Amino acid sequence: MPGRQGDIMYTAISAKLINIAAAVTAGTVLLFGAGNGVAHAANRAANQIVARISLSQQTMEVLVDGRPTFAWKVSTGGKGHVTPTGSFKPTRMHQMWYSRKYDNAPMPHWVFFKGGYAVHATNFVKRLGRPASHGCVRLHPDNAADFYQLVEIFGPANTRIVIIK
């Protein structure tokens, strides 16, 4: 079946785009939907992203309005490096960040959540699924771009990054 691999790739990309579109559409409807008063305030409160990062599982689950939308492998703090636990809001975002601490290394799609700690893309994708970073939460570049886009659309005020052991 010569087209089989292409069909699988197309299906995976279509599913990803549908998930992002659904998440964005749900957020837009909740943010700008009909209604007013208490019901409208409740809708806006429901318009949230929660990124749950498990240090023991080395995974990140993204919930949009309480619904699991994405699940990705991550790399967090390796030996001798700590990834902080707790609940955080993004403090700032950079589509591209050059780390002064690590030889001006380019690190795309940074979502800072505590001091110098951030969720960001990595080129070391073979290390995803096990601790390997200096404390940040590393994602596959495609997943980091998706997460960055969701935070950008929903807003840092409507985003929580929860890191558990």
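Select F88 and F113: both are buried (under 20% relative accessible area, with exposed over 50% and partly exposed in between, using a 1.4 Å probe on protein chains only). This is a predicted model, where local features need pLDDT of at least 70, side-chain atom pairs count only at pLDDT 80 or more, and totals for chains, interfaces and linings use all residues. Side-chain values use heavy atoms, without hydrogens and water, and numbering starts from 1 along each chain as its sequence is written.

Stay on F88 and F113. Their rings form a tilted aromatic pair, 5.2 Å centre to centre with 45 degrees between the planes. (Rings of Phe, Tyr and Trp, the last by its six-membered ring, pair with centres within 6.5 Å; planes under 30 degrees apart are stacked, over 60 edge-to-face, the rest tilted.) F88 is in strand 4 and F113 in strand 6 (residues 105–114), so the pair ties together parts 25 residues apart in sequence. Strands here are DSSP runs of E, at least two residues, numbered from the N terminus.

Next, select F70 and W72. They form a stacked pair, 5.0 Å centre to centre, with 25 degrees between the planes. F70 counts as buried at 8% relative accessibility; W72 is buried too, with a relative accessible area of 8%.

Now show strands 4 and 9. Strand 9 covers residues 159–164, runs antiparallel to strand 4 and is joined to it by 3 bridges. Two strands pair if DSSP finds at least two bridges between them. Pick S87: V162 in strand 9 stands opposite.

5 strands form an open, mixed sheet in the order 3-2-1-9-4. Its edge strands are strand 3 (67–73) and strand 4 (86–88).

Notes:
Helices (H or I, at least four residues) and strands (E, at least two) are DSSP runs, numbered from the N terminus.
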